[in-house]
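Trainee: Could we go through this one together? I'd like to begin with how the chains meet and then look at some packing.

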Amino acid sequence: MASIARRRPPSVPGTHFRPGAIETGTVAFIFHRITGVFLTIYLMTHLVVIGQSVRSKEAFNAALHFVGQPVFVFLDAGLAGIVTYHALNGLRIVGFDLGWGIRRQKLLFWIAVVLAVAVFLASLIAAHELL
Amino acid sequence: MAQVQVKVLRYDPQRDAEPHHQDFTVEYVTATTILDTLVAIKEFQDGSLTFRRSCRQGICGSCPMRVNDRERLTCMTRVAEVIGDNGGELRIEPLANLPVLKDLAVDLKPFFDKYRAISPHIIHAATRELPEKEFRMSDERTTHLQQFGACIQCGACYSSCPIVATDDDYLGPAALAKAYRFANDPRDDGRTERLNLVGDEAGIWRCHTIFNCTEVCPKGVEPTYAIQQLKRMNVRKRLGFG
Amino acid sequence: MQHDILVIGAGLAGMRAAVRAAEIPKINVAVLSKVHPLRSHSGAAEGGINAALTPEDRWEDHAFDTVKGSDYIGDQDAIEFMCEEAPAEVYWLEHAGTLFNRDKAGDLDIRAFGGAVRPRTAFVHDITGHALLNTLYEQLTARGISVYEEWFVTRLIVEDGVCKGVVAWDVINGGLNVIQAKTVIMATGGNGRIYHGRTTNAWSCTGDGMSLAYQAGAPLGDMEFVQFHPTTLKSNGVLLTEANRGEGGYLRNALGERFMANYAPEKMELGPHDLVSRAETIEVLEGRGIDGCVLLDITHLGEAKIMHKLPSTRELCEAFLGIDPVHEPVPVRPGQHYTMGGIRTNRYAETEIHGLYAAGECACVSVHGANRLGANSLLDTLIFGRVAAERAAEYARSTAYQTFSDSWLTSEEERIKGYVGRTGGQKLATIRNEQGIAMAEGMGVFRTPERMQRALEKIKELQERVQQAPIDDKGAIFNTDLLGAVELENMLEQAEIICLGAIARKESRGAHSRLDFDKRDDENWMKHTLAYLGEGGPRLAYGPVTVTHYQPEERKY
């Protein structure tokens, strides 16, 4: 039989993260990426705010006043939680690279999540009179 | 006998531009496996349904597929396990990250190319003297390596890895686990060569410890574990600790 | 495409042959396999590989155990050769990286297996076949040996008793091709799927190589000797390794008795396969079975030992029965497992056709005679795979490529195209199922003349009916429907030969047990059955057994 011309066969479309079957490790990875993005945005914002001090006393005070609004207290509590998660998950990953904790990866993820939520709530409570 | 609605992703290269789902109804009991349903469809409903299978006991690696989005060895997975008591849908699709040849059969050449890329065999240095009988090797070391030697090269891990999905060059979990198995075998003299092979951009450093491979491996190989150990071994080698 | 040596089949025998051939200078070797090499059924072997490795053992004892196990129609020159070479072959595997289990001192751990006077089985917990298959594939890869992956040979090209090549189907891309070869080594494995679900064998075990050689004029030997393994699962035929018993497991009947005391008082559960299968069948027939099964009991071995030496047994029981063998006995029954018969060769893997060799389960050397000892098959495949390559290389060096007519290809194309047009009959699956039922009933552990005759008649009827079985898949690409039809016809051909051989052999020997002639008859039947392709069907002939040192004795365990 003559050989049959074929189009290049398709791959199954990129369900990279398999929406129907997401597991703990994937969630940890996605959270780490998202918290990383948030932290980067925060860092840039923070530099802009603090950087106002180079301009003038008034500009700096205005900036601090702006970020003293209640909504920012909420965002700051969130930030504390995000930092906690990103740091603890970061340690979890560094542990893996050193050969530690690989077989306890799900437990370590949940510890990071629980502590991040705890820090978020504690921050809200501690700052409640500012809200 | 209960019935299950099976949605199978079909693709006929001679007729279809894209893969598409086709519905079948199949009877099943508690013991019925996913592979059993595919066989039932092929034998009595549509003989053109194409898929690979051989041993039906989880050792040959022919039959992994995506079942409701998750990689499974279809001969060892029961229908009841997947659809639960509510009798949901059963969707069967081929492995991801590999070109589809026809229906549920994929082209494993890229997978095996990466297997070959890590020199998957014992390397003896010219200076190594082969004993008359067996090399002596501890029971502990053997048991440890047997876990990684248990790999049946089915491709489930490769299909589940999001890094493989986004990077054609990434060696993938199975090849890296195999590299670890050799790098830790006292009878092998290729350790340095292998660590160099896996220690580059397309190797161990692409692993972000997402753990999908470990979750889906039907033989408990834990490729993530192997890859992290390779990272550690690689760093130690570069820092001079051997 | 042309090769000095073309190996058909990429299991242990095929890959061992290719690896050996690649070491021989100026020999070009290629492998052809209908499944990826790592999918070969050699990978499902579980228990271990025999060799006289310990100081207290001798290869001569291994040889005697094998001869006795074969019920005295194994060819003793081949058996002695195999047993003498065995230790070196095991060390070769170990040096190549096989992860054999170790004892506390770090040396190869040895376990007991059926029919052996002392333990001599090296193993990789209960996935020895998988481990060896991987070692061989690693060696194949290291040497860059090319593989025609997922190709299927439809015809051997043999003219005037000389093998010249093959017509092979590229299943994935479609289309038949001719491959010229100075020598062909057949290593296509067994044909257990003739028994359909009542076998430990994979779907791929359809004995195609045996049919190819038979159609080309080589005789098939001893096809009636079909081994039933005592511990298979009733639901799907899956094997639970003999190692379960080798590590100390028991077989119990419904009354909880270790019934093997009545059949093999000395070896008990470690009698040879045929004896234990018969014992189980009798227990069930006499009402001491449970739902057609007996019980395999490893509960007393303890979880630690089971996880170290028999972990996949546990996995299989849990997956297919929902039973944890650590805590509960497992119901098992005899199932087809191995074919002692196959392409007749001498001890150099040579067939009657020049340039055609055979090794492994598809061959009948014969090292297993009327019954194979457990853990001897992994050994057989490697020893004779290697020998086949050495012999084939020698022959290839002294011969040129042979030409042949284009009509081989065109007539095969016509023949295969003819399948796709079939219509009007029952489905292939129906015919396959009926074949399995007929063989399980007529060609089982115990045979009677009436049941054997019924099986033969049913097989012949199915050979007619399959001619009308429609094929749904009319496409050229990866047509597994068509492949199934070709395999089924090959199986029906072999099934007929099994039936004829069994009906003709008026004695009981090894795995061939008949109720009307229930004793071994050395005077008339110590010979090999040979089946040749004749006018209108198989023609039976008989050939002598090679005896060197061991005269037949009563076979008691």
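Trainee: How many residues of chain B are in contact with chain C, and with how many residues there?

Mentor: Bearing in mind that this is a predicted model, 43 residues of chain B are in contact with 49 residues of chain C.

Trainee: And which elements supply that side of chain B?

Mentor: Helix 1 (34–44), strand 6 (100–102) and helix 4 (139–149) of chain B each supply at least two residues, and the largest share, five residues, comes from helix 4 of chain B. By class, the side of chain B that touches chain C has 16 nonpolar, 14 polar and 13 charged residues.

Trainee: Switching to chain C, at what angle do helix 12 and helix 14 of chain C pack?

Mentor: Helix 12 (residues 428–442) and helix 14 (residues 480–504) of chain C pack at about 20°, with their axes 11 Å apart; since angles under 35 degrees count as roughly parallel, these two helices of chain C are therefore roughly parallel to each other, and their crossing is left-handed.

Trainee: Which residues meet there?

Mentor: Among them are Leu428(C), Ile431(C) and Met439(C) from helix 12 of chain C, and Leu488(C), Met491(C) and Leu492(C) from helix 14 of chain C. The residues of this contact divide into nine nonpolar, three polar and one charged.

Trainee: Last topic: how many bridges join strand 20 to strand 21 of chain C?

Mentor: Eight bridges join them, and the two strands run antiparallel, with Thr529(C) standing opposite Tyr542(C) in strand 21 of chain C. Their hairpin has two residues between the strands, and Gly536(C) takes a positive phi near 70° in it.

Methods
Residues numbered from 1 in each chain as written. Chains lettered and ligands numbered in written order. Predicted model: local features only at pLDDT ≥ 70, side-chain atom pairs only at ≥ 80, totals over all residues. Contact = placed C-beta atoms within 7 Å. Helix = DSSP H or I, 4+ residues; strand = E, 2+ residues; numbered from the N terminus. Nonpolar A, V, L, I, M, F, W, Y, C, P; charged D, E, K, R; others polar. Axes fitted to C-alpha atoms, helices over the stretch in contact; angles between N-to-C directions. Parallel < 35°, antiparallel > 145°, perpendicular 65-115°, else oblique. Left-handed = near helix turned anticlockwise from the far one by under 90°. Pairing = 2+ DSSP bridges.
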